Amino acid sequence: MISDQVIWASLPVPAFIIDPEDRIADVNSSGEGFLNASRKSVVGHPVWDQIAVDAPLEEAFTRAREQGTPLFVNDVDVGSGNRAPLQCALQIAPLLGHPGSMIMIVSPRELASRMTRGNTVKSAAQSAIGMAEMLAHEIKNPLAGITGAAQLLSMNIGPQDLELTDLIVAESRRIVKLLEQVEQFGNLSRPEFKPVNIHDVLDRARRSALLGFGADMTIVEDYDPSLPLAYGDPDQLLQVVLNLLKNASEAAGPEGGTIRLHTYFEHSFRLRRSDGSGHSLPLQIEIIDDGPGLPEDIRGDIFDPFVSGKENGTGLGLALVSKIVSDHDGWITAESVPGRTVFRLSLRRAPREAGQDKE
């Protein structure tokens, strides 16, 4: 017979037991991950101090308790002091055998959206790679001829027309630079997997950022020191983090801002493919900035190639990030409101022993 405690700990969604005084009596492991807080730190505290629901819920909750009936609430924003709100569905019901106590299950819509969006990442990346190779081949060579012709013309024209040939050369070189970025996107090699201390990667990226593009930023480390090793390519993961830090720094502008690097363990998050296979992605890395946020009209498409919120942006940076994370069999998501943008990476942990199957 499987014990109730095993079932409770294995639930893949956040669940809370609420006592008759509206205090949290228990929380499962998924609930700890949802709150970004330990069981010890929340048990005994008023539930509505720990869980913020953007709906007038307390009266309906009290009525469900008094009448002994379940309560279902769909599509509400639920958050906590340690994370941005997520759209969720709530299922609340009396706890049998414990008068006045209630069980509340939180079903974040984010989990479903992560799965749905992730299924298209690799196919979109492959299409963009094919287009990248075609563009580089078909455009780069003619541009070299155009640039050479403009330079020859500039040797035999007057000063009044020199500005035009200079413009041709400058714009041709700009397009070549763009094509080189496209080629980089298309020619990225497969990851060389090995155990990686993700905090070492984050520290390398932080130091590099502070010495260059992030010199005006404050970068705060908020690490879980017990986080196990990730399984990936350290150089490619460094490229991912540097790209996200650069985006956050550019969004902040010359006045600067704050970026928080946050890591934690969420053992309940597991990727399942359509064929039934899957693996867990328990290592969570969040890059959080206090900038203006992503433009609302592109928030759902920011990982697609050639979608950019920057003036003169190529739209390849986040597409490259998405491709690298996808090649690591991981997930990346973004949540953004003005004053708080969170990019979250979910990665595999390294096998505990040599030859152990990779989860």
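Which residue forms a salt bridge with R260, and how many Å apart are the closest N and O atoms? The legends below take up this pair and two others.

**View 1. Salt bridge between R260 and D222.** In this predicted model, where local features need pLDDT of at least 70, side-chain atom pairs count only at pLDDT 80 or more, and totals for chains, interfaces and linings use all residues, R260 pairs with D222, and their closest N and O atoms are 2.4 Å apart. Because R260 belongs to strand β10 (residues 258-265) and D222 to strand β8 (residues 218-222), the pair ties together parts 38 residues apart in sequence. A salt bridge here is a side-chain nitrogen of Lys or Arg within 4 Å of a carboxyl oxygen of Asp or Glu; helices (H or I, at least four residues) and strands (E, at least two) are DSSP runs numbered from the N terminus. Residues are numbered from 1 along each chain as its sequence is written, and side-chain values use heavy atoms, with hydrogens and water left out.

**View 2. Salt bridge between E250 and K246.** The two side chains meet at 2.5 Å, N to O, and, being four residues apart in helix α10 (residues 234-252), E250 and K246 are separated by about one helical turn. E250 is partly exposed at 36% relative accessible area, as is K246 at 34%, where buried means under 20%, exposed over 50% and partly exposed in between (1.4 Å probe, protein chains only).

**View 3. Salt bridge between D203 and R207.** The side chains of D203 and R207 meet at 3.0 Å, N to O, and the two residues lie four apart in helix α9 (residues 198-211), about one helical turn.
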